[in-house]
Each structure stands twice: as structure tokens, then as C-alpha cells.
Amino acid sequence: MKHPHLKGAKVALVAMGRSHLNYSMSLCNSFEYDEVWGINAMAIPFKVDRLFMMDPVTRFLDMEVTGKMTGGMRKILTEKQPYPIYSSTTDERCPSVEQYPLEE
């Protein structure tokens, strides 16, 4: 999973903690990024170029253990997205999910 075009790129990593607040403030202050990478539910409020979700997709689709983010994540996972979603597992119900190359 090497992406030579990202060498030296400005990438924002946006997660559920303080990073999403810092990301929002950076946009308000005219910062620009080459790519935005989201973690889990951060693809709900933000436009991302890649989404990383190490949970198995069944955790969002078949269980009720992810709280209030469940509905939004189900929608993101089951609809075709213009970006890849990297996860620990794939599922035929999730057209944009790719298995993260953990072996690499």
C-alpha cells in the first residue's frame, strides 16, 4: 500500500478526539491539505480522502455496540463512497471497504 504521490504531502489525520477540533480550526485559518484521512465516524461530518476503520464492519452492521455513530456509519459503509475505507475485514455489503494490508 505504497502511495509515492503522498511523499511530502500535507495529510490531516482527523479522529474523534481533539484532532477534529484542531482540524476545523486549521481550515478556518486557511490551512490546506493534500489529503484528509478520517478515523471511524469522522467521515460523517468531514469530507475525507481515505477512511481508516480497524473495527470489523460487522461491528457497525450487525451489532448495536457503537452508540450513536451506528446509523451514520451504516450509511457510509453500505453506500459506494468516492474514497477507500480501510478495515480489518471486508464484507460484500460494503462496496468501498478494502482490507487494510496488515501483513505489509
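The following paragraphs describe the fold, the surface and selected residues of a predicted model of a protein chain. Residues are numbered from 1 along each chain as its sequence is written, and side-chain values use heavy atoms, with hydrogens and water left out. Because the model is predicted, local features need pLDDT of at least 70 and side-chain atom pairs count only at pLDDT 80 or more, whereas totals for chains, interfaces and linings use all residues.

The protein chain has 3 helices and 5 strands, these elements being DSSP runs numbered from the N terminus (helices, H or I, at least four residues; strands, E, at least two). Their order along the sequence follows the pattern β-α-β-β-α-α-β-β. Along its principal axes, the C-alpha trace spans about 40 × 30 × 20 Å. Among contacts (heavy atoms within 4.5 Å) with a separation of 6 or more, 46% are accounted for by residues 24 or more positions apart.

Of the 104 residues, 37% count as buried, where buried means under 20% relative accessible area, exposed over 50%, and partly exposed in between (1.4 Å probe, protein chains only). The accessible surface comes to about 6700 Å², of which 55% belongs to carbon and sulfur atoms; accessible areas come from the Shrake-Rupley method with a 1.4 Å probe, and for residues only the protein chains shown count as cover. The chain carries 12 positive and 13 negative side chains, and the centres of the two sets lie 6 Å apart. In this count Lys and Arg are positive and Asp and Glu negative, with His and the chain ends not counted, and the place of a charge is taken as NZ of Lys, CZ of Arg, CG of Asp or CD of Glu.

The structure holds 0 disulfides, a disulfide being a pair of cysteine sulfur atoms within 2.5 Å. Cys 28 is exposed, with a relative accessible area of 63%, whereas Cys 94 counts as buried at 4%.

Leu 51, in strand E3, is buried with a relative accessible area of 0%. The C-alpha atoms of Leu 51 and Thr 70, 19 residues apart along the chain, are separated by 16 Å.

Several loop residues were also examined. Met 16, in the loop between strand E1 (11-14) and helix H1 (18-28), is partly exposed at 44% relative accessibility. With residues up to four places away in sequence not counted, Met 16 touches Ala 41, Met 42 and Met 69, and its C-alpha atom lies 7.3 Å from that of Ile 39, 23 residues apart in sequence. Asp 55, in the loop between strand E3 (50-53) and helix H2 (58-61), is buried at 18%, and its contacts, counted beyond four places in sequence, are Asn 40, Phe 60, Ser 87 and Ser 88. Asn 40 itself lies in the loop between E2 and E3, counts as buried at 18% relative accessibility, and has a positive phi near 50° in a residue other than glycine. A positive phi, near 70°, is also found at Ser 30, which lies in the loop between H1 and strand E2 (35-39) and is exposed at 61%.
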